[in-house]
Amino acid sequence: MIWRDFLGFLFPPECLVCRQALQLGEQHVCFTCLGQLPRTFFWSWPQHPIQKPLGDTLPVAGVHSWLFFSEHNSVRPLVHHIKYGGGAALASYLASQAALEMGTGLIGGSPVFIPVPLHPAKLRQRGYNQSLCLARGLQQVWGGSIEEEALCRLRHTKTQTGMNKEERKKNLSNAMAWSQIGESAEAASAIVLVDDVLTTGATLAACWEVVPESLKVKTHVWTLAAAFGS
Ligand SMILES: [Zn+2]
């Protein structure tokens, strides 16, 4: 412990966005950068502007994305850290911050969170499923439960970077399967599919397709960020 404090004194943890040393009470991102992350604020709009174009492939009860993602904004280093830099704790922290801002009214008082699964090989390589870490952060604030194994990936899919909408859809066809989940799902205020970044919605659509019909009417999508034109 003393050794860790000493290292912390020599090399104080830095903000992942501005690289300044973090101050007391700050975690992963300094309060200034956290406050300046580009919010979508779509959750407070009566008609969600992302939901409409997704309507055909993802006719869910609600799409809730906290931040804008782009290759050039401050969200990119955070998403990169979550996916490739061992940022499991960062994922939970950001999701809890998002949940505090978005409020419990969004999805009711007893949601069931279902993380988008990783293929087991990818999970072994990464060591954690970032969507599960995000779900944990949401649950800390919103309550409810997490059904970690409700969805599973049947096969390994190619990385989707650079693919268009049709290619992504083909890549993901029959990639997901639904496992039985507890009775809590029937009584839940909402089923919430959780993912890191919403791009074309192909991954989430592949998940939504295998959700049982009785649950589809109250199935929402929550993502940390949404990208336009990617
Ligand atoms: Zn900062």
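In this predicted model, helix α4 is followed by Gly-86, a residue whose phi is positive, near 75 degrees. This briefing describes helix α4 and then strand β6, one of the elements that cover the buried residues of α4.

**Helix α4**

- Helix α4 spans residues 75–84, and its buried residues are Val-75, Leu-78, Val-79 and Ile-82.
- Viewed down the axis of α4, these buried residues fall within an arc of 95 degrees, so they line one face of the helix.
- The exposed residues His-80 and Tyr-84 are carried on the face of α4 that is turned away from its buried side.

**Cover over the buried residues of α4**

- Helices contribute to this cover, among them α5 (88–102) and α7 (130–142).
- Strands also take part in covering the buried residues of α4, including β1 (62–69), β6 (191–198) and β7 (219–227).

**Strand β6 and its burial**

- In β6, eight of the eight residues are buried, so the strand is largely enclosed by the rest of the structure.

**Strands paired with β6**

- Strand β2, which covers residues 112–115, pairs with β6 in the parallel sense over four bridges.
- Within this pairing, Ile-191 of β6 has Val-112 standing opposite.
- Strands β6 and β7 also run parallel, and seven bridges join them.
- Ile-191 has Thr-219 as its bridge partner in β7.

Note on methods. Residues numbered from 1 in each chain as written. Predicted model: local features only at pLDDT ≥ 70, side-chain atom pairs only at ≥ 80, totals over all residues. Buried ≥ 20, exposed ≤ 12 C-beta atoms within 10 Å, placed from the backbone. Helix = DSSP H or I, 4+ residues; strand = E, 2+ residues; numbered from the N terminus. Arc of directions from axis to C-beta. Contact = placed C-beta atoms within 7 Å. Pairing = 2+ DSSP bridges.
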